[in-house]
Amino acid sequence: MGDWMTVTDPESKYISQYTSETKMSPSSLYSQQVLCSSIPLSKNVHSFFSAFCTEENIEQSISYLDQELTTFGFPSLYEESKGKETKRELNIVAVLNCMNELLVLQRKNLLAQENVETQNLKLGSDMDHLQNCYAKLKEQLETSRREMIGLQERDRQLQCKNRNLHQLLKNEKDEVQKLQSIIASRATQYNHDMKRKEREYNKLKERLHQLVMNKKDKKIAMEVLNYVGRADGKRGSWRTGKTEARNEDEMYKILLNDYEYRQKQILMENAELKKVLQQMKKEMISLLSPQKQKPRERADDSTGTVISDIEEDAGELSRESTWDLSCETVREQLTNSIRKQWRILKSHVEKLDNQVSKVHLEGFNDEDVISRQDHEQETEKLELEIQQCKEMIKTQQQLLQQQLATACDDDTTSLLRDCYLLEEKERLKEEWSLFKEQKKNFEKERRSFTEAAIRLGLERKAFEEERASWLKQQFLNMTTFDHQNSENVKLFSAFSGSSDRDNPTVHSRPRQKKPHGAPSGSPVCTSKLTKSLPASPSTSDFCQTRSCVSEHSSVSVLNTTPEESKPNQVGRECTNQKWSVASRPDSQEGCYSGCSSTYANSHVEKDDLP
Amino acid sequence: MNFSEVFKLSSLLCKFSPDGKYLASCVQYRLVVRDANTLQIRQLYTCLDQIQHIEWSADSLFILCALYKRGLVQVWSLEQPEWHCKIDEGSAGLVASCWSPDGRHILNTTEFHLRITVWSLCTKSVSYIKYPKACQQGVTFTRDGRYLALAERRDCKDYVSILVCSDWQLLRHFDTDTQDLAGIEWAPNGCVLAAWDSCLEYKILLYSLDGRLLSTFCAYEWSLGIKSVAWSPSSQFLAVGSYDGKVRILNHVTWKMITEFGHPATINNPKIVVYKEAEKSPPLVLGRLAFPPPRAAAGPLSSTESKYEVASVPVSLQTLKPAADRANPRIGVGALAFSPDSCFLATRSDSVPTAVWIWDIQKLRLLAVLEQLSAVRCFQWDPRQARLAICTGGSKVYLWSPAGCVSVQVPGEGDFQVLSLCWHLSGDSLALLSKDHFCLCFLETEQGVGTAFGQRADHT
C-alpha cells in the first residue's frame, strides 16, 4: 500500500488527481498543481468518468488500463508480445487476476478505512472525554482558586480583627493602668487634703478647748447627793509608781493566763492527736504485719525495706516512752514511719481495689469464659451426638419399615425369625431393664450435678459477700479506731494468707464435678444457668441427647466387653465423648438390635393379643 | 408564746438590767423601772428633759439617763430612790455617755470629741482623756471590766490607748498603721484587740493586750473595705463583713482567713434550707418550730398572717441595685452576729435587705436563708441558746432555730410595728419595741406569767 500511495509519476498526474479527489490527497500543494493542470481536462475526465469504456474506445481503455496497472506494478494485461509492431493480445487471465487483486485491495482498503474510522471515532470520543475532563478540572481549579481567595480574605479579616482586639486590649490595659494611677494620685491627694483639713480642724479644736475649758466653766460640775461606795467595797488607792508596776504585773498575768490556757488546750489537742496517731500506727502495724510474707514472696524491693522498718517500729512501740518525748526528737522518725506505712497501706488498698474490680469484671469473665468455652464445646459435642442419634433413628426406622414390608410378604420367614427372636427376646429384655436402670442413674446424676452447681453458686455468692463485707469493715476500721479489729485482722490474715491457696480448690471443684461445663466463675451466672436449664430448648435437647447417649452407651456397653462397661457405670464422671466414641462403631448394630427388640416386643404383644 | 400588754415608750429606749431583774423604759422625760417578770412598776424617775439615752450600770444598781440636748447626765439609784446625781457638761456639750464597767464611773464625751470626762460617783475626782477619736466605735471595755481601749487621733495619726479601769492609768499607748481608724473591739477573752480601718481601705489589725501587733489582714485593695466586725463568744473566730458582700472568718491561732462566705443572690445548693416568708392564711403550716405548742386558739387577731415556706432550690433572692454614685452605698455585709455557743453566724447583706443568712461555723457552710417580705431591721441571738429573733418593722416577730423557723403575729389593737427587739438575759422573754410602745414576748409558757398578762397569741 505504501508504494501505491507514494507513486508520483508525471504520466499519472491526472489519475492521481482523480484519486486525490475521491480519496483525500496527501499534499494540498500537489493537488493544487494537479488541479491547475487538470482544468482543461475536466470535461474529458467527466465524460470519461461517466462512461469510461464505450464501444469505440475499448482498445484505448484497455491500453490505458494496462498502462495504469503497469505503473501500479501489476502485470501487463497484454500477452507478451513477440514483436513490437504486432498487436498485443489481451490476456484475459491477467485481467481477471488484476481485477481480483484490485478487489482484494479494495476490500483491504475498505477494512483499513473502517478501522481508521472507528479509531478516529474512538479518538474523537476520547478527545471529547478528555476535553470534558479538562473543562471540569478547569472549573475545579477555578472554584478552588476562588475558595482559596475567600479563605485568604477571611484569614486577612480575622487577622485584622485580632489586631484590632489586641489593640483594644492594649488600650484597656493602658486605661486600667491610667485609672489605677489616677486612683492612686487621687488617694494621695485626698489624704493630703484630709491631713490639711484635719490640721485645721485640730487647730480649731485646740482653740475651742482653750476657750471652753479655760473659762472655768461653773456649769461643768457634778451634783451628787452623796458619794457611793466602790463596787468592790475598797477605797480608791493613790496613783504611784507602785500602782503602775502592779498594773503591768496584772496585765502580764492576764496575758500569761491566756497563753497558759491556750497552751493547755493545745497540749490537750496534741495529746488527743498523739493518741490517735499511736492507735493508728498500732493498727497499721497489726494490719500490715500479717502481710509480710506476701510482699516478700513478691520480692517487692521497696516494701521489703519498709516492712523491716515496721518490725523496728513494732519493737519501738513496746517502749512507749518515746511517744512522750518532745516531738523534736521523734518527729522526723515518726512522720517518716507513718508516711511509709501509709504508703504501704495505700498500695495495699489499691491492690485490693484492683482485685475487687478484677473479681467484679475479669473474675466473672475470666473463669466464665473458660467455663463457657467448655460449655460450648460440650454442647457442640452433644449436638453432634444428637445428629448421629437422629440419623440412627432414621436408619432404624427405614430398617423397621423394610422389615415390616418383608414380614408382611412372607409369614414363614417372620415366623422363623419370630422363633429365632424369641430366644433373643429374653436377652433383649434384660438388656432393656439394665438400660433403663442406667438411664435412671444418669438422670439422678444429672440432677445431683445441677444441684451441686446451684450450691456452688450460692456458696460462691456468700463468699463474695463475706469478702465485700470484710473489705468494708477493713476500710472502716482504718478510719475509725475501735478495738474490734483484732478479730478483723485475724480474718484478714486468714484471708490474705490463704486466699490464693483457697481459691483454686474452690474453683477446681466445680470443674471436676461438672463435666458439661456448668459455669463456676460467678454465682450469678451459675444460678442463672441452672435456673434456665429446664426451660431452654437446648437443654431439653441436651437431656434427650443424654438419654439417647445413655441408651447407646448401654447398648454399646452390652455389645462390648464387661470390663469396659464397668468403669462407665462406676466412674460417673466419665465424659460423654467416651460414650459417643464407644457407641459410634457399633451404632449400626446397636440400633439394629434396639430396633429389632422393639419390633420384637410389638410383635410379641401382637402375638399375645389374640 | 405569750405577749404582755403594750406599754408606752419613746425613742426606743427600753433595756433589761444586766442581772435580768428589771426592765427600764423611757416615756419622754420619765424613766420607768419595772420588774422583768411581773412588769409591775418598781420605780419611776423624772428627768429634766427628754431622755435620749439610758444605760444600766454593770451591777444593775444605777441607771444613767443622758439628755444630750442639754448636755446633762442624770443618774438614778435603784436601791435608794431618793439618791440622785446630775452631771452637767456645760458649754462643752455632750454627745455620748456610758458607764465604766465598775458601775461607779461615767464616761462623757464632749462635743467635737474634744475630750472624754470620767466622772466618779465615789470620789470627787474627775479625769480627762484628751484626743478621743470621733469614730464608729472608739471606746471598748474588756469583758472582765479591767481595761479600756480608746481610739485616739493626734497629729493626723491614729493611736490606741489602753487604760486600766480601776485607776484610769495609762497602760499602753501605741500608734496603729491605719489611714483612718474606724473602730476597735476587744476579743471576749480580753487579750486581743481588733482595730480596723475606715471603709476606704480593707485593713484589720490585731493587737495583744501589751500592745504588740499580732497580725494584719487585708483581703483586697482599691475597693470599699470593712463594714462590720464581730468576735465569736469563744474568741476563736473574728468575722469581718465587707463591702464586697463577703464575710471572712479569721482564726485565733494564725490570724489567717479560714474561709469566706459569699452572699450570692441565687441559692443553688439543695442542702441549704431557704425559708421564704409567705403572706397567706391557709391552715397548712410549714416550717414549724419546736416552740411550745400553741395554746387554745385565741381568735384571729390579725388580718394578714404570714408563714414560712421552704422554697425549693434554686432560689433567687430580691436584690437592691445600689446607687454607685452616693456615699454609704447599700451593699456589703452590714450586720453580723455569732450565736452564744459560737456555732452559728447570722449575717445580713445590705444589697439583699430582706434576707438573713445563717451559717454553720462548725461545718463552715451556709445552713439556712430566711427571706422576709420586708427589709430586716434587726436581729439578735438568744443569749442562752441558738435561737435568733428577727424583726422587719412589721407586726411580726420571727424566730429561727436549727429545728426550723416561725413567724409570730404580735397581738394588740392597731399595728404594732416591731422596729427593734432585745432579749432577756435568760432567753425566756423578748422585749419588742415599736415607735411609741413596747411589749414583752414570753417564750416560756409558765403558768404564772401566762395568767398575769392576759393577752395571748398562738403562733401560726
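**Ground rules.** I am working with a predicted model, where local features need pLDDT of at least 70, side-chain atom pairs count only at pLDDT 80 or more, and totals for chains, interfaces and linings use all residues. Residues are numbered from 1 along each chain as its sequence is written, chains are lettered from A and ligands numbered from 1 in the order in which they are written, and side-chain values use heavy atoms, without hydrogens and water.

**Sheet in chain B.** I looked up the strand order. It is S29-S28-S34-S33-S32-S31 in chain B, an open sheet of 6 strands with mixed pairing. Strands are DSSP runs (E, at least two residues), and helices are too (H or I, at least four), numbered from the N terminus. Two strands pair if DSSP finds at least two bridges between them. S29 (306-311) and S31 (333-338) of chain B are the edge strands; each has a single partner, so one side of each lacks a neighbour in the sheet. I then followed S31(B) to S32 (344-349) of chain B: the two run antiparallel and are joined by 5 bridges. Across that pair, B:Phe338 faces B:Leu345 in S32(B).

**Patch on chain A.** I noted a nonpolar surface patch of about 400 Å², made by A:Ile92, A:Val93, A:Leu96 and A:Met99. Patch residues have over 30% relative accessible area and no salt bridge; nonpolar side chains (Val, Leu, Ile, Met, Phe, Trp, Tyr) are joined within 5 Å, like charges within 9 Å. A:Val93 sits in helix H6 (residues 92-213) of chain A. Its relative accessibility is 53%, so A:Val93 counts as exposed (buried is under 20%, exposed over 50%, partly exposed in between, with a 1.4 Å probe and protein chains only).

**Salt bridges.** My rule was a side-chain nitrogen of Lys or Arg within 4 Å of a carboxyl oxygen of Asp or Glu.

- A:Glu153 and A:Arg156 pair at 2.7 Å, N to O. They are 3 residues apart in helix H6 of chain A, about one helical turn. A:Glu153 is partly exposed at 34%, and A:Arg156 is partly exposed at 46%.
- A:Glu464 and A:Arg460 pair at 3.7 Å, N to O. Both lie in helix H12 (residues 411-479) of chain A, 4 residues apart. A:Glu464 is buried at 19%, and A:Arg460 is buried at 12%.
- B:Glu260 and B:Lys246 pair at 3.3 Å between the closest N and O atoms. This pair links distant parts of the chain, strands S26 and S25 of chain B, 14 residues apart.

I also logged a salt-bridge network linking A:Glu198, B:Lys133, B:Arg153, B:Asp158 and B:Asp180.

How values were computed: Accessible areas come from the Shrake-Rupley method with a 1.4 Å probe; for residues, only the protein chains shown count as cover.
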